[in-house]
Amino acid sequence: MILTTTPTVEGKQIVEYKGVVFGEVVAGINFIKDFGASFRNVFGGRSKSYEGELIQARDNAMHEMSNRAAQMGANAVVGIDIDYEMLGADNAMMMVIASGTAVVIA
């Protein structure tokens with residue numbers, strides 16, 4: 001499965017459009033990671049725990065989108081966009097949505 005943010009795949013021709021596909025992930029941020037990140041807010045630096053959560057959620061959303069495209073008979077997803085949102089009363093949930101157009105390329 002070819003996944004790209006571009007509207008086309010260089011050297012390939014889109015022969016069929018299957019439709020828009022999505023992959024959604026909602027992940028909770030736990031207290032331990034939140035506590036560690038609060039120190040980074042005070043002293044500066046990167047929060048490796050939050051970065052890890054973000055990377056895992058993004059990868060899972062892309063994988064889910066790819067699986068849905070394959071179920072539609074596509075062999076590529078073009079025009080991919082990834083959105084991130086924080087949800088919940090205390091912004092304790094992170095939502096990642098990957099979307100794109102499922103296509104067949106030749």
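In strand β4, the residue opposite E24 is I97. Their strands, β2 and β4, are antiparallel and joined by 13 bridges; two strands count as paired if DSSP finds at least two bridges between them. Helices (H or I, at least four residues) and strands (E, at least two) are DSSP runs, numbered from the N terminus. Before going on, please note that this is a predicted model: local features need pLDDT of at least 70, side-chain atom pairs count only at pLDDT 80 or more, and totals for chains, interfaces and linings use all residues. Residues are numbered from 1 along each chain as its sequence is written, and side-chain values use heavy atoms, with hydrogens and water left out.

On to the other partner of β4. Strand β3 also runs antiparallel to β4, through 10 bridges, and here I82 stands opposite A98 in β4. The two strands form a hairpin with 5 residues between them, and G88 in the turn has a positive phi of about 95°. How many of the 13 residues of β4 are buried? The count is 10, so β4 is largely enclosed by the rest of the structure. Buried here means under 20% relative accessible area, exposed means over 50%, and partly exposed lies in between (1.4 Å probe, protein chains only).

Stepping back, the protein chain has 2 helices and 4 strands, arranged along the sequence as β-β-α-α-β-β. It has 106 residues, and 30% of them count as buried. The accessible surface comes to about 6,600 Å², with 55% belonging to carbon and sulfur atoms; these areas come from the Shrake-Rupley method with a 1.4 Å probe, and for residues only the protein chains shown count as cover. Among contacts between residues at least 6 apart in sequence, 76% join residues at least 24 apart, where contact means heavy atoms within 4.5 Å.

Now for the interior. In soluble globular proteins, nonpolar side chains tend to be buried together. A nonpolar core is defined here as a set of buried Ala, Val, Leu, Ile, Met, Phe, Trp, Tyr and Cys residues joined through side-chain atoms within 4.5 Å. The largest such core has 14 residues, of which V21, M65, A69 and V77 touch the most other members. At least two residues of this core come from each of β2 (14–28), α2, β3 (76–87) and β4 (93–105), and α2 gives the most, with 5 residues. There is also a second, separate core of 6 residues, including V9, A76, V78 and V103. Not counting residues up to four places away in sequence, V77 touches M1, I2, L3, T4, V21, M65, A69, G100, T101 and A102.

Helix α2 deserves a look of its own. M62 sits in this helix, which covers residues 48–71. With a relative accessible area of 19%, M62 is buried, and leaving aside neighbours within four places in sequence, M62 is in contact with L3, I80, I82 and A98. M62 and D81 are 19 residues apart in sequence, and their C-alpha atoms are 10.0 Å apart. S66 is in helix α2 too and counts as buried at 14% relative accessibility. Beyond neighbours within four places in sequence, S66 is in contact with M1 and L3.

Finally, let's turn to charge pairs. A salt bridge is a side-chain nitrogen of Lys or Arg within 4 Å of a carboxyl oxygen of Asp or Glu, and by this rule the count comes to 3. Here E24 returns: its side chain meets that of R68 in a salt bridge (2.9 Å, N to O). E24 lies in strand β2 and R68 in helix α2, so the pair ties together parts that are 44 residues apart in sequence. R68 also forms a salt bridge with E64, with the closest N and O atoms 2.8 Å apart. Both R68 and E64 lie in helix α2, 4 residues apart, about one turn of the helix. E24 is partly exposed at 34% relative accessibility, R68 is partly exposed at 34%, and E64 is partly exposed at 23%. Another salt bridge joins K18 to E16, the closest N and O atoms being 3.0 Å apart; K18 is partly exposed at 29%, and E16 is partly exposed at 35%.
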